[in-house]
Amino acid sequence: MAAETESLPVSLIDLLANSVILRQTAPYVSVRGLLVLAASCKALREIINDQSEAWRHLNLTNISAAKINSSSVDVGGIWSRAERMDESEDDFYAGPLRGIFDRLYQKRILQYVQTLVLDGLSVPADLVREIVAEDCYSVKVLSIREAKNLNQSKLQQVLRYIVRPTRTEGTPKLKALYVFGDKDAARFVIGQQQRLEGSQPLGVMASEGAQIGAEWNHKSSAALTASLTDEETKWYNATGRALKRPQSDWPDTIQCCKGLIAFDAVLCRGPRHDITKVDSKNFLQPTIATIALGPDGCETCHGCPEDPAIFGQSLDFTLPLLGPPPSHASTVRAAQLPHIRDADGNYPKLILRCEDCLRGRWCERCNRWWCEDCYEEPVSRIHLRTEMQNTELREELRQNGWEGVTADGKVGGRGPSVKVYSKLCVEHCLVSEMMSGAGSNGMWG
């Protein structure tokens with residue numbers, strides 16, 4: 001009998017009783033699935049309801065009970081209006097989520113939630129205040145991207161309040177807030193190309209025809225992967241505008257939360273935002289960085305005056321949170337951790353700027369840029385022309401007007417063509433071409 005008992009397979013109860021396995025498994029099970037599992041037997045109920053690992057990560061975005069029923073909103077019905085007469089607008093819009101939180105509190109589960117995802121749901125600012133300030137919650141990572149009925153000004157007031165200098169010691173409990181990005185953000189840890197390169201053709205797939213088809217499938221998959229931009233690629237590559245410019249009040253709020261609450265956006269660290277480095281006329285107020293310039297840096301010096309931010313070396317407030325929130329940890333480090341590495345295994349450099357810092361020194365088409373130390377204003381075209389070219393241009397303008405000067409910078413259709421990407425690239429390409437042409441004619445010594 002003892003031998004038969006030892007040969008029995010491991011049961012689900014034995015597996016979930018292991019806190020490590022439960023922690024790794026629970027985020028992939030829906031809230032409904034956890035509740036149904038807990039109701040199946042007493043042993044599972046004790047494991048799921050009494051262990052914090054099962055409820056550490058709570059995602060309510062796909063819960064129908066968490067969504068506002070549009071039919072209950074006033075559409076001319078007397079019943080729905082009467083129901084709302086005794087409650088404020090925020091209370092009405094927070095009703096579904098408050099009902100869920102009340103049930104979780106009664107089951108003594110709410111205290112275990114450390115990562116809470118409410119993307120796209122109705123989340124008024126007053127409900128956010130309850131989540132981040134009341135003792136019954138223990139939320140460290142909160143995601144409210146594209147939340148409905150959320151007053152941005154009230155939300156900023158809540159954040160300023162919980163980080164006030166006179167706050168209670170050990171607060172705020174909230175350490176990371178996702179609020180600026182898209183709610184459907186994804187993170188691709190392993191690229192499609194890496195998965196394809198790791199496999200070898202076997203059997204019929206080794207034939208020449210199959211390999212041609214596989215090559216085209218590989219190209220199609222690579223193109224598809226390139227078109228699906230995850231948040232790591234958006235921030236760490238030269239993708240240009242990585243974020244829509246938020247409301248003007250947000251930079252001051254992020255500045256107040258500096259070192260206390262991390263966001264899925266960061267402030268620009270360009271030298272023009274440091275009054276000790278620029279004249280007062282050139283000083284810029286705090287601004288959220290919305291332009292991703294990639295790890296290569298300035299076109300000339302391949303760096304930046306403020307030094308790139310690097311995970312593990314730079315301070316937390318210089319790195320944005322990467323969506324979606326991590327499933328198995330509720331820390332700022334896990335939320336900021338990039339999975340991409342360079343050839344030497346180092347974390348990539350992060351260079352972000354605001355548009356005002358890059359005005360006139362960044363090409364929006366090819367994403368090349370020049371830092372404040374390296375950029376030199378291109379010499380005007382008229383100073384680089386020979387006297388004969390100036391005479392020819394004046395004659396062309398006198399006869400045909402501006403129609404005689406083509407869009408690519410040639411007079412009467414003659415001369416070297418300059419491909420137009422932006423005003424910045426035109427100026428630099430034009431200067432380099434005219435200088436090289438003049439040098440070949442011996443005009444530059």
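Begin by selecting helix H5, residues 42-50, in this predicted model, and colour Leu 44, Ile 47, Ile 48 and Asn 49, which are the buried residues of that helix. If you then show what lies over them, you will find that the cover includes helix H2 (12-16), helix H3 (19-25) and helix H4 (31-38).

Next, turn to the surface and select Val 10, Leu 12, Leu 15 and Ile 21, which together form a nonpolar patch with about 330 Å² of accessible area. Val 10 sits in the loop between helix H1 (2-6) and H2, and it counts as exposed because its relative accessibility is 59%, where exposed means over 50%.

Now move to the charged side chains, where the model has 17 salt bridges. Select Arg 145 and Glu 231, whose side chains meet in a salt bridge at 2.7 Å, N to O. This pair links distant parts of the chain, since Arg 145 lies in the loop between strand S3 (141-143) and helix H9 (152-162) while Glu 231 belongs to helix H12, 86 residues apart. Both Arg 145 and Glu 231 are buried.

Continue to Glu 372 and Arg 353, which form a salt bridge with their closest N and O atoms 2.9 Å apart. Here Arg 353 is buried, with a relative accessible area of 0%, whereas Glu 372 counts as partly exposed at 24% relative accessibility.

Finally, select residues 188-229, over which pLDDT stays under 50, and then residues 439-445, where pLDDT also stays under 50. Where pLDDT is low, the predicted coordinates should not be read in detail.

Technical notes
Residues are numbered from 1 along each chain as its sequence is written. This is a predicted model: local features need pLDDT of at least 70, side-chain atom pairs count only at pLDDT 80 or more; totals for chains, interfaces and linings use all residues. Side-chain values use heavy atoms; hydrogens and water are left out. Buried means under 20% relative accessible area, exposed over 50%, partly exposed in between (1.4 Å probe, protein chains only). Helices (H or I, at least four residues) and strands (E, at least two) are DSSP runs, numbered from the N terminus. Contact means heavy atoms within 4.5 Å. Patches are made of residues with over 30% relative accessible area and no salt bridge: like charges are joined within 9 Å, nonpolar side chains (Val, Leu, Ile, Met, Phe, Trp, Tyr) within 5 Å. Accessible areas come from the Shrake-Rupley method with a 1.4 Å probe; for residues, only the protein chains shown count as cover. A salt bridge is a side-chain nitrogen of Lys or Arg within 4 Å of a carboxyl oxygen of Asp or Glu. pLDDT is the predictor's confidence in each residue, from 0 to 100.
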